[in-house]
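These are my notes from going through one structure element by element.

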Amino acid sequence: MAEEIIISLTSHGKRIERVRETLDTLVNQHWRASRIILWLCERVENLNIPEGVEVRYSEDYGPATKSIPALREFPDAIIVTADDDVLYSRWWLFHLLVLHKLHPHDIIYARGHKIIPGAPYKKWKWDRRLCLAGLMNHPTGVGGVLYPPGSLHPDVLDVETMQRLCPMADDIWMKVQSFRVGTICRRIFWPQKLFKPSDRCYIDAISTHNNRILSEKDTAAGLCNADIQLQALREYYGLDFPPKT
């Protein structure tokens, strides 16, 4: 039986008015997805979307709205997340899926960091080597992330804990849940050729609001919100992740 491949993304506010640009690139992929789902948290009249895109409504999980509803409703499908302010090459999904065929249990991604033990998030290095793979790889979205069935701990759907401890760092939440089941994360070949931010990519009010939760002590220590949320998850789950040395 063929695998079901679902491209999943979300949008909100004024961004919805221009999401058509991104959706057009997703519809025109060389390797077609089984479904493309745009998750919205508010009703929108006269939505401008291309044929082949489904619109579904969900509770608002912040940036995780692009992944959580799809993971819940389609547990046996391959979920590929995308961002609403990025334009994707026609060969983007093809590259993700080819590497998935070679490594069917790994999480495949196009952009991310190499985690540096003992270092704060801002010191983690961009992974620039071809097909870098390992438990210390940290996908960061934007370029897309492919999640095969079973690659995340079932707690990934525990939205109450996510919203309490990690409300604005969905990439950290997903990484912790993949680490808990030992899933390798693997980067695709030549990712820089497969996506680019659109001209409407910007830091929105949510990110601005999120920055306000940092204390002076945290800022002095060189920490960012990702560090604060990661530490909360580390303590909650009793994880040695990332390792301190």
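This is a predicted model: local features need pLDDT of at least 70, side-chain atom pairs count only at pLDDT 80 or more; totals for chains, interfaces and linings use all residues.

Entry 1. On the S2 side, Ile 7 stands opposite Ile 36; in S4, the residue opposite Ile 7 is Val 80. I then noted the pairing of the strands themselves. S1 (residues 5-10) and S2 (residues 35-40) run parallel and are joined by 5 bridges. S4 (residues 78-81) also pairs with S1 in the parallel sense, over 4 bridges.

Entry 2. Together with helix H1 (residues 20-27), the two strands make a right-handed β-α-β unit.

Entry 3. Which way do the residues of S1 point? I found Ile 5, Ile 7 and Leu 9 pointing one way, and Ile 6, Ser 8 and Thr 10 pointing the other. Of the 6 residues in S1, 6 are buried.

Entry 4. I turned to Ser 178, which lies in helix H5 (residues 170-179). Ser 178 has a relative accessible area of 1%, and because the cut-off for buried is under 20%, I recorded Ser 178 as buried. Its side chain reaches the backbone oxygen of Lys 175 at 2.9 Å. Beyond its neighbours within four places in sequence, I listed contacts of Ser 178 with Ile 107, Ser 151, Leu 152, Thr 183 and Cys 185.

Entry 5. I compared the length of helix H8 (residues 225-237) with expectation. At 1.5 Å a residue, its 13 residues should span 18 Å, and the end C-alpha atoms are 18 Å apart, which agrees. Among the buried residues of H8 I noted Leu 230, Leu 233, Arg 234 and Tyr 237. Just after H8, Gly 238 takes a positive phi of about 65°.

Methods. Residues are numbered from 1 along each chain as its sequence is written. Side-chain values use heavy atoms; hydrogens and water are left out. The expected span of a helix is 1.5 Å times one less than its number of residues. Buried means under 20% relative accessible area, exposed over 50%, partly exposed in between (1.4 Å probe, protein chains only). A polar contact is a pair of N or O atoms within 3.5 Å; within protein, one must be able to donate a hydrogen and the other to accept it, and residues adjacent in sequence count only if both atoms are side-chain atoms. Contact means heavy atoms within 4.5 Å. Two strands pair if DSSP finds at least two bridges between them. A crossover is right-handed if, with the strands pointing away from the viewer, the path from the first strand over the helix to the second runs clockwise.
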